[in-house]
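Welcome! Here is a short briefing to read alongside the model, taking one topic at a time.

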Amino acid sequence: MLALLRPLRILPFAEHYSLTRFCSAFVSRMRYLNMLKENDAACVSALQNGHIFLFHHLIPLLQRSDPGTFRSVALSYSEVQSVLHRSGSDGSLLKESILIGCSEQNQAQFCLDVGELDPAAVAKECKGTFIDLRKAFFLLAGAEAHLVAKAQALLRWHQINRFSGATGQLTHRNQAGSQRVCSSSSIVYYPKMSPVVIVLVSDGKRCLLGRQSSFPIGLYSALAGFCDMGETLEEAVSREVAEEVGLEVQNIIYSSSQHWPFPHSSFMLACHATVSSAHSQLNVDHLELEDARWFTEEEITCALQIKAPPKRVQPTTVWLPPKHAVAHRLIMEWRDSQQRSKGTE
Ligand SMILES: NC(=O)C1=CN([C@@H]2O[C@H](COP(=O)(O)OP(=O)(O)OC[C@H]3O[C@@H](n4cnc5c(N)ncnc54)[C@H](OP(=O)(O)O)[C@@H]3O)[C@@H](O)[C@H]2O)C=CC1
Ligand SMILES: [Mg+2]
């Protein structure tokens with residue numbers, strides 16, 4: 001009985017980790033993160049020993065590193081506390097931090113939007129600068145870009161889900177920020193991503209790329225589209241290609257996936273697909289796409305040389321999505337497979 005009344009002892013990562021020493025470091029980190037989502041007191045303790053990434057109205061605080069690159073700024077709890085105090089805040093804002101991950105050094109990672117403070121003062125205190133994620137995303141290293149994008153997406157989700165869509169009443173988050181609960185109905189809301197398919201269609205010798213009029217001049221990418229309710233991945237791919245360029249695809253093969261922050265969290269499911277060269281005549285829907293074209297392997301190799309976004313774009317210059325985009329990966333996979341098949345001819 002006494003044991004039941006004893007207050008819950010919160011295990012810091014080191015102890016939690018030693019309890020799960022028969023698991024790999026990765027498994028231990030995942031279990032630790034899962035425990036923090038369920039245990040508010042443990043999450044507060046992890047926050048006090050963790051790293052915090054600051055945002056201002058969803059704009060991340062970054063530091064310039066080598067010319068033309070940025071890195072994220074991981075602050076300790078006490079550093080954020082003193083930034084808040086020096087900026088005239090009492091520090092209670094810190095509890096608004098949201099859990100975003102756990103570093104390989106086993107430190108819990110959080111993000112916090114300090115939108116109510118003066119951004120210039122905070123940036124100066126932290127020797128950083130608030131930079132729009134659209135500008136900075138491609139200039140961050142891959143893992144950092146995805147962590148910052150995840151943080152921004154979670155902060156945005158919390159900002160627009162303060163009220164229940166069912167009852168109109170306030171919702172309250174758990175300490176980790178992994179869910180919100182309606183104060184009157186107990187409905188639980190979880191952060192959402194919109195599933196999007198992206199597909200690189202090949203006719204055996206060429207691949208199909210398109211561009212929307214909103215893309216930067218000269219940028220071509222794989223065809224993409226939001227999944228409709230109830231669709232499978234294959235159905236969404238077939239429908240999007242039919243709608244946008246009037247083709248019927250076959251042999252849909254899954255490649256990989258990614259979280260894409262623009263314009264709002266999408267879950268990109270990337271695939272390859274084929275059409276026969278006898279049925280490769282395009283019928284582009286110009287309401288959806290400004291242009292779509294078949295590209296040879298040589299044209300793709302040439303376009304890959306251009307580092308995006310180019311300073312001066314000739315009307316004929318074609319360039320491709322940069323390496324953080326899953327479209328880039330699809331194009332590289334296709335180019336490599338073309339080169340391999342040439343090698344075996
Ligand atoms: N990471 C990568 O490599 C790439 C990522 N992408 C991303 O893929 C996404 C989809 O591509 P896109 O070709 O624009 O999609 P679609 O071809 O589906 O066209 C977008 C239109 O779909 C409608 N729509 C349907 N469901 C949604 C939803 N849940 N959210 C927003 N719009 C919806 C909207 O139309 P309406 O406004 O008329 O309602 C919107 O304008 C984009 O966010 C883009 O950034 C694209 C290419 C490469
Ligand atoms: Mg589209």
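Contact here means heavy atoms within 4.5 Å. Leaving aside neighbours within four places in sequence, Leu58 is in contact with Asp113, Gln152, Leu155, Arg156 and Gln159. This is a predicted model, in which local features need pLDDT of at least 70 and side-chain atom pairs count only at pLDDT 80 or more, while totals for chains, interfaces and linings use all residues. Residues are numbered from 1 along each chain as its sequence is written, chains are lettered from A and ligands numbered from 1 in the order in which they are written, and side-chain values use heavy atoms, with hydrogens and water left out.

**Around Leu58**
- Leu58 sits in the loop between β1 and β2 (59-64); helices (H or I, at least four residues) and strands (E, at least two) are DSSP runs, numbered from the N terminus.
- Leu58 counts as buried because its relative accessibility is 14%, where buried means under 20% relative accessible area (1.4 Å probe, protein chains only).

**Helix α5**
- In helix α5 (residues 77-86), the buried residues are Tyr77, Val80, Val83 and Leu84.
- Viewed down the axis of α5, these buried residues fall within an arc of 125 degrees, so they line one face of the helix; the arc is that of the directions from the helix axis to the C-beta atoms.
- The buried residues of α5 pack against α4 (40-48), β1 (51-56), β4 (75-76), β6 (108-113) and α6 (119-125).

**Nonpolar cores**
- A nonpolar core is a set of buried Ala, Val, Leu, Ile, Met, Phe, Trp, Tyr and Cys residues joined through side-chain atoms within 4.5 Å.
- The largest nonpolar core has 43 residues, of which Ile198, Leu200, Leu209, Ile300 and Leu320 touch the most other members.
- Helix α8 (residues 142-159) gives the most to this core, with seven residues.
- A second, separate core has 31 residues, including Leu75, Leu94, Cys102 and Phe110.
- Not counting residues up to four places away in sequence, Leu209 touches Leu200, Ile300 and Leu320, among others.

Definitions and conventions:
Buried < 20%, exposed > 50% of the residue type's maximum accessible area, 1.4 Å probe, protein only.
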